[in-house]
Protein chains: 2
Amino acid sequence: MALAQLVAERPPPAAAPIAPPTQPAWRTRLVASLHSHEKQSHSRYVQLATVRPDGRPANRTMVFRDFVSHDDDSLVFVADSRSRKMKELAYSRAAEVAWYFPCSREQYRLTGELDVVDGTTTEPNLIKARRRGWATMSDSARQQWVWPQPGAPRDNDPAVWTKRAPGPDEPPVDTFILLVLRVEEVELLVLSSPSTCTHYSREVGPDGNYFWLEESLNP
Amino acid sequence: MALAQLVAERPPPAAAPIAPPTQPAWRTRLVASLHSHEKQSHSRYVQLATVRPDGRPANRTMVFRDFVSHDDDSLVFVADSRSRKMKELAYSRAAEVAWYFPCSREQYRLTGELDVVDGTTTEPNLIKARRRGWATMSDSARQQWVWPQPGAPRDNDPAVWTKRAPGPDEPPVDTFILLVLRVEEVELLVLSSPSTCTHYSREVGPDGNYFWLEESLNP
C-alpha cells in the first residue's frame, strides 16, 4: 500500500457542502474517455455481470445512461421489471461492469451493488432520474416496455410488437425501471507502453466521512 | 417449446464420423459475425464473467483467440496462471461471455464452464492449441507472461518490465495458460426491426448423442 493516496475527499451526505463536492478521479477520467469516444455511439455500451440464483454468472450488454446526478457517482441503466436479471437481483445485488474503450485502449471495471428504482421509489432524486430516463428515449425504444414477457417463447402475433407506449412526457409504464450501480471499487487498466493499472476503493475514514483510496497495481 | 427444433445433430465423440461433423448453427453465425467485423480488431474482444470466492461476480475484457478445432466448438482465451481469475476458477468454473457486434447489432451470450490448459495438460489437441496460442502472439504480447505478479502493488523497477520472453518457436512459459470455454448454452439477440432472440442449448438425446436445441424467444 506504499503507493496509496487519498483522493477526492467528500463531505458526509448529511453535511451542507460549502463548495461543490469534488468528483472522484475515476469519474473525471471516465467522462473524458466517453468524451473522446463520443462519435461512436456504442462506446456507451457496457457489459454488466450479476450472479444467477444457481450461483453461475450472467453477463449482458447494457447502455450507460448517465450518473444519478452531479453529486451522486452511481451509474444509471434502464431495464424491464419482467427481465430475468430481476430474479438474479432478488438473489444477489452484487454486480461488476466491464467497459472497454477501443481507441484509448482503456478498460474500467466498476464493482458495487445494484439498486432497483421503480414506480414505488420515494427518493426525489431517483424519481427524477427515472422520469428523465423514460423521457430521453426514442419512441421505438420506449415501445419495448409494452412488448410481451422478455425471454418467454416467441409470441408470433404481429399486433403485440406494434403496441404504442406512452409518450416521453407521460409517466413511465410500471415495467420501466432503473438499475443504479452504487460503485464501491473501480479498476482502470490502460494498455499502453508501459501499461498501467489503477485501483480505486471507497473507504470510510476515522472521521466517518468516506474517501476514495487510489493505488497503482501491476497490470 | 412449440418452436423448438433439433439442429446440428452430431455423432458421439467415440464414434468415427463418416462425414465431417456439422458445426452448430450458433458457431456458423458467430464466424459470419466475426467475418463481417474483421476490419475492427476489437470485434474479437469479449467480456468474460466469472464468480469470485465471496460470491460476487467478476467481469473483464478478453481476446477471443479461436475455437479449439474444427470439431470442438469450445472458445479459446489466453491468460496468466498468476492472475486473480485463477483463484475464482478454483472456486467455480462457471462462466458467461457477453459479445457485442456493433455493426450488425448482435449480442451473443455464451454460457458454460472454463477448463484450464497449462503445461501439465496431456490431451494432444489442447497441447497443440496452447503451442499455437503462444506462437501466434507478438513479441510484446508474450512479454506480459514474464512481467511481475499481476494485481500486486506496482513494481517500479524499470528492468522488470523489459525482460524478454521466449520466442514463438520455444515452449511457452509456465505462467502461460489457455482458458477453454466449454459452451453449453448460447443466446443470440439481434437488434433489428423486429428484434429477434434465439436460444441454443446442448442436450443429450435418448440415444446418448448430444444435439443443439434451438428455440425462438421474445427479445
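The model is predicted: local features need pLDDT of at least 70, side-chain atom pairs count only at pLDDT 80 or more, and totals for chains, interfaces and linings use all residues. Residues are numbered from 1 along each chain as its sequence is written, and chains are lettered from A and ligands numbered from 1 in the order in which they are written.

**Chain relation and contact**

- The same surface serves both copies, as 100% of the contact residues of chain A recur in chain B.
- Chain A gives 42 residues to the contact and chain B gives 42 residues, where two residues are in contact if their C-beta atoms, placed from the backbone, lie within 7 Å.
- On the side of chain A that touches chain B, the elements giving two or more residues are strands S2 (45–51), S3 (57–63), S6 (94–101), S7 and S10 (210–217); helices (H or I, at least four residues) and strands (E, at least two) are DSSP runs, numbered from the N terminus.
- S6(A) supplies the largest share of that side, six residues.
- By class, the side of chain A that touches chain B holds 23 nonpolar, twelve polar and seven charged residues; Ala, Val, Leu, Ile, Met, Phe, Trp, Tyr, Cys and Pro count as nonpolar, Asp, Glu, Lys and Arg as charged, and the others, Gly among them, as polar.

**Strand S8 in chain A**

- Eleven of the 15 residues of S8(A) (176–190) are buried, meaning that 20 or more other C-beta atoms lie within 10 Å of their own, with C-beta atoms placed from the backbone (12 or fewer is exposed, in between is partly exposed).
- S8(A) runs antiparallel to S5(A) (72–80), to which six bridges join it; strands pair if DSSP finds at least two bridges between them.
- Twelve bridges join S8(A) to S7(A) (106–117), also antiparallel.
- Val180(A) is the bridge partner of Val76(A) and of Asp115(A).
- S9(A) (196–204) pairs with S8(A) in the antiparallel sense over six bridges, and the two form a hairpin with five residues between them.
- Glu185(A) has Ser201(A) as its bridge partner in S9(A).

**Strand S8 in chain B**

- S8(B) (176–190) has eleven buried residues of its 15.
- Six bridges join S8(B) to the antiparallel strand S5(B) (75–80), with Leu178(B) as the bridge partner of Val78(B).
- Twelve bridges join S8(B) to S7(B) (106–117), which run antiparallel.
- A hairpin of five residues joins S8(B) to S9(B), and Glu187(B) stands opposite His199(B) in S9(B).

**Nonpolar core**

- The largest nonpolar core has 83 residues, and those with the most contacts inside it include Leu178(A) and Leu178(B); a core is a set of buried Ala, Val, Leu, Ile, Met, Phe, Trp, Tyr and Cys residues joined through C-beta atoms within 7 Å.

**Loop residue Arg164(A)**

- Arg164(A) is found in the loop between helix H4 (139–143) and S8 of chain A.
- Arg164(A) is exposed because 9 other C-beta atoms lie within 10 Å.
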